[in-house]
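Visitor: Could you walk me through this one, feature by feature? I'd like to learn how to read it as we go.

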Amino acid sequence: MATRARSTPPPGGPDEAHPKKAPSTFLADSWHAVAWSEEVASAPFAITVCNEPIVLLRLEDGTVSALAGLCPHRFASLGKGRRLPGNRLQCPYHGLEFGADGRCVANPHGAIPGVVRLKQYPLIERHSLLWLWVGGEERADPALIPDFSLLEDTGHRTIRGRLRTRAHYELITDNLMDLTHVGYVHEGGIGTDAIKDGRHTVLQAGTTLFSNRWCPDGPAAPVWSALFNHYEGHVDHWLNMRWDAPSTMWLDVGVTPTGRHRREGITVWGAHILTPETEASTHYLWAACRDFALDDKALDEHLRVPIEHAFVNEDRPMIEDIQKNMAGRTFKEMRPLILPFDQGAVRARRLLDDLRSGRKVQLLPVSSTHDAAYQ
Ligand code: FES
Ligand SMILES: [Fe+2]
């Protein structure tokens with residue numbers, strides 16, 4: 001009797017059944033800001049991070065637990081479930097209940113399936129953000145959370161929000177680390193010729209990058225002029241971006257009358273935190289923080305409107321279009337042209353590549369548009 005092959009390749013060959021998966025571009029071993037503190041209140045909060053569905057639960061003592069977001073029974077979304085007294089989370093499908101540590105604590109239909117436990121993720125609430133660690137728990141070092149303390153400093157007033165983009169997170173990092181686009185994409189709003197011509201310097205301290213643009217002696221962009229008591233003279237303008245892996249940025253931006261100390265002008269600090277949702281979509285938590293007009297609620301809207309307009313109507317369509325143009329190909333496969341002003345964005349990509357692959361991080365010297373070796 002003829003023996004049958006134990007496994008018959010499916011029609012179209014094995015690749016059809018198990019298409020080769022592109023390697024993940026996430027940096028699991030890093031802190032991802034997943035929500036503003038106030039977003040996680042009494043109801044379960046569902047979010048996907050690095051392709052992993054997660055549910056956040058504010059507990060009765062005020063802390064937050066982060067658990068796997070799918071019920072192990074039939075994979076219902078636990079984020080659509082109910083929070084019950086005693087820090088219990090009830091599945092919306094057949095009512096299994098889970099404790100804050102992920103253990104199944106009640107089964108309305110019979111015995112508790114004792115082996116069942118949802119994965120619990122390390123989570124820290126700091127600087128009004130919830131930071132989640134996707135990778136190995138033993139490597140979740142709280143000291144690795146970048147400094148965003150100004151966001152909760154009582155001498156500052158902060159506005160903040162959340163946006164979503166259908167694009168890979170590194171494409172948005174490119175946008176934020178290269179501020180030359182401001183003169184084109186945001187022309188007439190926050191862009192000026194002085195930004196296009198500004199001096200760009202990139203510095204590295206450990207795994208932190210600084211991409212700084214210094215734009216002296218030009219007219220203030222309309223948004224800045226309005227913020228700065230409708231100042232009509234020339235200003236010195238700075239835009240200094242700090243980057244930490246995987247895509248957590250802090251912008252220090254301001255204007256001052258040309259030649260004057262920056263204390264005589266105004267500064268707005270901003271959080272630009274990108275958290276990968278999937279390989280093709282990103283959560284964007286943004287904030288703007290100021291140390292002037294602390295009681296001026298109307299100014300909050302004057303800031304919010306241009307910030308959201310710039311990203312939603314100007315940056316986002318550009319970045320989502322680029323995502324489509326890449327049609328699933330990687331950045332390297334696209335063989336991008338690298339220009340001198342890409343220093344900040346390209347260094348962030350290289351550093352992230354080193355961290356993802358476990359290579360020793362290269363410490364590169366300062367580069368500046370005034371250096372012969374800049375390219
Ligand atoms: S899917 Fe959750 S209890 Fe059935
Ligand atoms: Fe922009």
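Guide: We'll go from overall confidence to domains, core, sheets and one cysteine.

Visitor: How far does the predictor trust the model, and where is pLDDT under 50?

Guide: This is a predicted model, so local features need pLDDT of at least 70 and side-chain atom pairs count only at pLDDT 80 or more, while totals for chains, interfaces and linings use all residues. Residues are numbered from 1 along each chain as its sequence is written, and chains are lettered from A and ligands numbered from 1 in the order in which they are written. pLDDT is the predictor's confidence in each residue, from 0 to 100. Here the mean is 90, and 92% of the residues reach 70 or more. Residues 1-14 stay under 50. That stretch has three contacts beyond four places in sequence, a contact being two residues whose C-beta atoms, placed from the backbone, lie within 7 Å.

Visitor: What does the overall make-up come to?

Guide: Helices (H or I, at least four residues) and strands (E, at least two) are DSSP runs, numbered from the N terminus. By that reading, the protein has seven helices and 19 strands. Its C-alpha trace spans about 85 × 55 × 35 Å along the principal axes. Of the contacts between residues at least 6 apart in sequence, 55% join residues at least 24 apart.

Visitor: Which domains are there, and how many residues link them?

Guide: Domain bounds come from an automatic or database domain assignment. That assignment gives domain 1 (40-121) and domain 2 (149-374). Their C-alpha centres lie 37 Å apart, and four residues of domain 1 are in contact with four residues of domain 2. On the domain 1 side, the touching residues are two nonpolar, two polar and no charged. For those classes, Ala, Val, Leu, Ile, Met, Phe, Trp, Tyr, Cys and Pro count as nonpolar, Asp, Glu, Lys and Arg as charged, and the others, Gly among them, as polar.

Visitor: How do I read burial and the nonpolar core?

Guide: Count C-beta atoms, placed from the backbone: a residue is buried if 20 or more others lie within 10 Å of its own, exposed if 12 or fewer, and partly exposed in between. Buried residues make up 34% of the 375 here. A nonpolar core is a set of buried Ala, Val, Leu, Ile, Met, Phe, Trp, Tyr and Cys residues joined through C-beta atoms within 7 Å. The largest one has 82 residues, and Leu-56, Leu-130, Leu-132, Ile-172 and Ala-271 have the most contacts inside it. Strand 18 (residues 281-290) gives the most, with six residues. Domain 1 and domain 2 both contribute residues, so this core lies between them.

Visitor: Where is Cys-91, and is it buried or exposed?

Guide: Cys-91 is in the loop between strand 6 (88-90) and strand 7. Cys-91 counts as buried because 21 other C-beta atoms lie within 10 Å. Leu-78 is 13 residues away in sequence, but 5.5 Å away C-alpha to C-alpha. Beyond four places in sequence, the residues Cys-91 touches include Cys-71, His-73 and Leu-96.
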